[in-house]
Amino acid sequence: MAATTSTTAAVSFSLPSPPHRRGARRRLTPSLHAASTAAPPSPDLSIQLSPRASPPASTNGAATALGPPVAASFARDRAEDLQAEARAMARAAGATVALRAAEVLSELASFGLKVLLDERRGESSSERRRARAVELRTILTRLGPTFVKIGQGLSTRPDLCPAEYLEELAELQDSLPTFPDEEAFACIERELGFALDSIYSTISPSPIAAASLGQVYKARLKYSGKLVAVKVQRPGIEDAIGLDFYLLRGLGFLINKYVDIVTSDVVALMDEFARRVFQELNYVQEGQNARRFKKLYADKQDILVPDIFWDYTSAKVLTMEWIEGVKLNQQAVIESQGLKVLDLVNIGIQCSLRQLLEYGYFHADPHPGNILATPEGKLAFLDFGMMSETPEDARVAIIGHVVHLVNRDYEAMARDYYALDFLEPDVDVSPIVPALKNFFDDALNATVSELNFKTIVDGLGAVLYQYPFNVPAYYALILRSLTVLEGLALYADPDFKVLAASYPYFAKRLLTDPNPYLRDALIELLFKDGRFRWNRLENLLVQGRQDREFAAKDALQPVLKLLLGPDGEELRVLVVKEAVRVTEAITIGTLIDSYNAAPAFLKPLISSGNRAGPFKFSEAEQEQMMELRDQVFRVWGLLRSSNNFDPSVLQPIVQVLQEPEARVLGSRVAGGVTQRLAARLLQQLLRTPPAPGSS
C-alpha cells in the first residue's frame, strides 16, 4: 500500500482499558495503529542532514581530518534535529486531534445536553424523541463517514436506542460527495502498478456510484473485453476513521465510567464496530468474502454473486464482474421488465434465512443499493465489505425461539436469551417474563404468520431497552437484514408479512433437521399440553412443501429415530396415547360413514329404530373423532402427494416392530386400542336408549 502524506497516522494514541463490564466482548488494542490493518508507515525520520560547516583548515593549508570530538558534535546536532522534527510532527498531530475532538464533542455534547434538558423538563413524548432522533441523524451525517456508519449500526441496536431513534437512524444513507477522478485514477495506477490505458480499454470518466468509503467506476478490461466494476477507496479515509474511532473510544471509556443508565459496554461495542469498519477498508478481504458467499449461496439458480478479478485487485482497488440490474426499491422499473418485487423479496428472504440459520455466514449490509434485480429475474448481491457470522448454537436457538413464541411459552422464551447470549447466566429472567407476556399476548391475537416483523422488533426492542440485555452484533445485523427486506416488500404490498414468507424454511428445518435442539422443539410444538396437534403438523407440511428443498421422505425422521431410541420413553408414552385416539377415531369414523352410506330402508334395522343412529355418542364426541380422522387423512395425503415421497419413510417403524423392545411398544399400542374400543362398546351397551318420542 502506498504511503500517504498524512502525519496523524504516524502517532500512536492509547487509552487505559476500561474496567470490566457485564457482557464485555473482546476488545481491540486501543491504538490507532492496531485499529487499522492497513495503516500507512511512519514518515522516514533517518533524514540526511547537511553539515553545518566544514572544520577550519590547518594553518599550513593542509586539510585536517574530522576528529572524534567534531564527529560527536555532529551526531548530537543530528539527533537534536531529529527530535525537533519529531516534536513538530507531534504538535501537528496534536493540533489535528484537538480540532477534530472539538468538532465532534461540540456537536455531540450539544445534542446530549438537549436530551438531558428534555428529561429534566419531563418532555419525553414520542414526538419529542422523534424530533431529537431527526436532529441526531443530521448531526451524524454532517460529521462524516465514521459517524454515518455508527448511526447505521445504532439503527440495529434496540438495547441502546428507543424505537424513534431506530427508525430515524435506519434512514441514514452513506452516500457522500465524490472525490476527484484524478485521485481515483492515480490510486488505481499506484495500487495495480500499470498505466490506466494498459488495464482498461474504456473506463467511465466519473463514478457511477459513491459511498462513504469509496466510489465505483464502470470499465472494460483490455485483455478480455469483460465489463467490470472498479471500486476505489477514498483517499485518507483510514486516517480519518482511525482518528474518529480513537476519539470515540475515549468517549466510550467516560460513558462506561460515569453514565450508569447505559448498561452495555460502550468501549467493547466501539471496538467491535471499528474492527468491522476497518475490515471494510481492506478490499482483498472483501474479495475473499465475495468468493466465500458465492460458494455457499450461489448454487441456487435465482442467486447471483459477481466474480472477482484478482489480478486487478489490491487493498484499495477492487475489480469485480459488472452486474446489470435494478435496485429493489425501484418497483416501477422492475415491473416494467415483467418481474415482481414480491417474488424477488421472497428469494431474498429464503437466501437470508439460509445465511443466518443454515451456514451462519451472512451479508450484514443488505440495503437496497446492495441487492439488484437482474433482467433474468435473479437476485444479485453486491458489496461484501461488511459480513458477519451467526454462532452455531444461536442458529438453532433462534428456531426454537420461534417455537416458544408459537406456544406462548414466555418462560422458555426468556430462557432462550441465555443461549442467544443476550443475558449473562447470573441474570434472573423472572421479571422479564411478564413484559414478554404483556407484549406478545396482544401481538398474538393474530397468528404468528400474520405478524409484521417490524412490530415484533419494535415490541421486543422496548423490552430489551428496559432490561439488562446485551444484544450480540450478529443478532442486531439479523434484525437489520430482515427489516430491510420487509421494508422493500411493503412498498409493493402493504399487507406483506416477512414471518409468513419465512414459514416454509422454518417448517422444513423443523421437520427434517436432526439437530437434537430442533428435534426437541418440534416435539414441543406438536405435543403441546400432552396432546398431539395434528393441525400443526398439517400446517408444517403445507408450509414445508413450499420450500423447493423440502423432501417429504425426510419429514419426521428425527422424531422417529428418537421414538425408537433408548431415550425416547417419554415420547413413546405420548405416541401410544395418540395412536389409541387415532385408531379409535378411524374405526368409529369408518363405522359412521358406513352407516350413513347404507340404504335408507336398512338404517332403522341397524339402529334398532333409534333415530339418532346406532352410536350412542354425543354429537360433540362424534365431531371430534371425525375431525381427528380427517386431519390424519389430510396429513397422509400431503405426504403421499409430495413429488419426492418415498414409502420407505415408514421403514423405521417396520424395522422397530421387529426388535424386542419395539414389540413392547406395539403391544402397548394394541393393548391400548383394545381397551379403548372395549370401553366404547361397553358404553354403547350400557347406555340407556332414548325414551320413545324423544329426539
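Which residue, with a positive phi, follows α14? In this predicted model, helix α14 is followed by Asp421, whose phi is near 70°. The helix itself spans residues 410-419, and its buried residues include Tyr410, Ala412, Met413, Ala414, Asp416 and Tyr417.

Tyr417 also belongs to the largest nonpolar core, which comprises 112 residues. Together with Leu436 and Leu541, Tyr417 touches the most other members of this core. The greatest contribution to the core comes from helix α17 (residues 473-492), which supplies 10 residues. When residues up to four places away in sequence are not counted, the contacts of Leu541 are with Leu511, Phe550, Ala555, Val635, Leu638 and Leu639. Another core, of 26 residues, lies apart from the largest one, and has among its members Leu108, Phe111, Cys161 and Phe278.

Leu116 is located in helix α2 (residues 68-121). The relative accessibility of Leu116 is 42%, so this residue counts as partly exposed, a class that lies between the limits of 20% and 50%.

For the protein chain as a whole, 26 helices and 13 strands are assigned. Of its 695 residues, 46% count as buried. The chain exposes about 34400 Å², of which carbon and sulfur atoms supply 57%. Among contacts between residues at least 6 apart in sequence, 71% join residues at least 24 apart.

Terms used. Residues are numbered from 1 along each chain as its sequence is written. This is a predicted model: local features need pLDDT of at least 70, side-chain atom pairs count only at pLDDT 80 or more; totals for chains, interfaces and linings use all residues. Side-chain values use heavy atoms; hydrogens and water are left out. A nonpolar core is a set of buried Ala, Val, Leu, Ile, Met, Phe, Trp, Tyr and Cys residues joined through side-chain atoms within 4.5 Å. Buried means under 20% relative accessible area, exposed over 50%, partly exposed in between (1.4 Å probe, protein chains only). Helices (H or I, at least four residues) and strands (E, at least two) are DSSP runs, numbered from the N terminus. Contact means heavy atoms within 4.5 Å. Accessible areas come from the Shrake-Rupley method with a 1.4 Å probe; for residues, only the protein chains shown count as cover.
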